[in-house]
Amino acid sequence: EGYNNLGIAFQKLGLFEEAVKNYKKTLKLKPDFSLAYNNLGVVLKSLNKLDEALLTSKKAIELDPNYGLACRNLGDIYLRDGNSKKALYWLKKAVDVDPENMRGQYWLGKAYYISEKYEKARDQYIRILSFKPGLHSVHHDLGLVFYGMRHYKEAIEHVNKAIRANHDLPLYYLTLSRIYSGLKNENMAMAILDSALSIDRSLSETWLAKGNIHKS
């Protein structure tokens, strides 16, 4: 327990290599500790060591088949690794064993979106918002889904809701600008990017987006 808690502390500080050492010490002392396997998988994922992360997360589930957090983590690793089919399988399982976990529900919606299953992604995000209507990240991602479906009015509406709920994230402005640019409304797209620059002038993606509009 002590080594595991030390690992958690190092993980929270962003000292991932130290966290790995302590989780491995934990597992030497208690090789059937599913929580430590999952924690180790999360840190290895942060270090982009996806093959190792997959193995440790699978071990956590092998020890505890109904470990919803480990199922979610395994699904996220597969998503990062580009295997959306396996990601969907494990994220669905995570939601089945822990339906109250909104983060698992959110990642399932993200997996549907990345797999271009837009209608399922839409339904998943709407389900989350029915429980927690103020989640700005979900409104933003739902806007992306509607944009993928070419439902532009709904796309703009939800990204604007995300901005109203949290107006300090340049990403939301970039998405909204992209939608207007796709609609050939370059003046509006440029004005939105200027709003993003008023928040953070150091973000290269914003300047790149402005350059692309000028180029077009």
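Is E157 buried, partly exposed or exposed? E157 is partly exposed, because its relative accessible area is 36%, where buried means under 20%, exposed over 50% and partly exposed in between (1.4 Å probe, protein chains only). Keep that residue in mind; the tour comes back to it.

**Before you start**

You are looking at a predicted model, in which local features need pLDDT of at least 70, side-chain atom pairs count only at pLDDT 80 or more, and totals for chains, interfaces and linings use all residues. Residues are numbered from 1 along each chain as its sequence is written, and side-chain values use heavy atoms, with hydrogens and water left out.

**Stop 1: the whole protein**

Show the chain as a cartoon. You will find 13 helices and 0 strands; these elements are DSSP runs numbered from the N terminus, with helices being H or I of at least four residues and strands being E of at least two. The C-alpha atoms fill a box of roughly 60 × 35 × 30 Å along the principal axes. Of the 216 residues, 44% count as buried.

**Stop 2: helix α2**

Select residues 16-29, which make up helix α2, and go to L29. L29 counts as exposed because its relative accessibility is 65%.

Next, pick K21 and E18, whose side chains meet in a salt bridge at 3.4 Å, N to O. The term means a side-chain nitrogen of Lys or Arg within 4 Å of a carboxyl oxygen of Asp or Glu. Both residues sit in helix α2, 3 residues apart, about one turn of the helix.

Then select E17 and K49, another salt bridge, with the closest N and O atoms 3.9 Å apart. This pair links distant parts of the chain: E17 is in helix α2, while K49 is in the loop between α3 (34-46) and α4 (50-63), 32 residues apart. The structure holds 9 salt bridges, and K45, D76 and R80 are linked in a network of them.

**Stop 3: helix α10**

Move on to residues 152-165, helix α10, and find H158. H158 counts as buried because its relative accessibility is 11%. Beyond its neighbours within four places in sequence, H158 is in contact with H139, H140, L142, G143 and F146; contact means heavy atoms within 4.5 Å.

Here is E157 again, forming a salt bridge with K161 at 3.6 Å between the closest N and O atoms. The two lie in helix α10, 4 residues apart, about one turn of the helix. K161 is also partly exposed, with a relative accessible area of 31%.

**Stop 4: helix α9**

Finish with Y147 in helix α9, residues 136-148.
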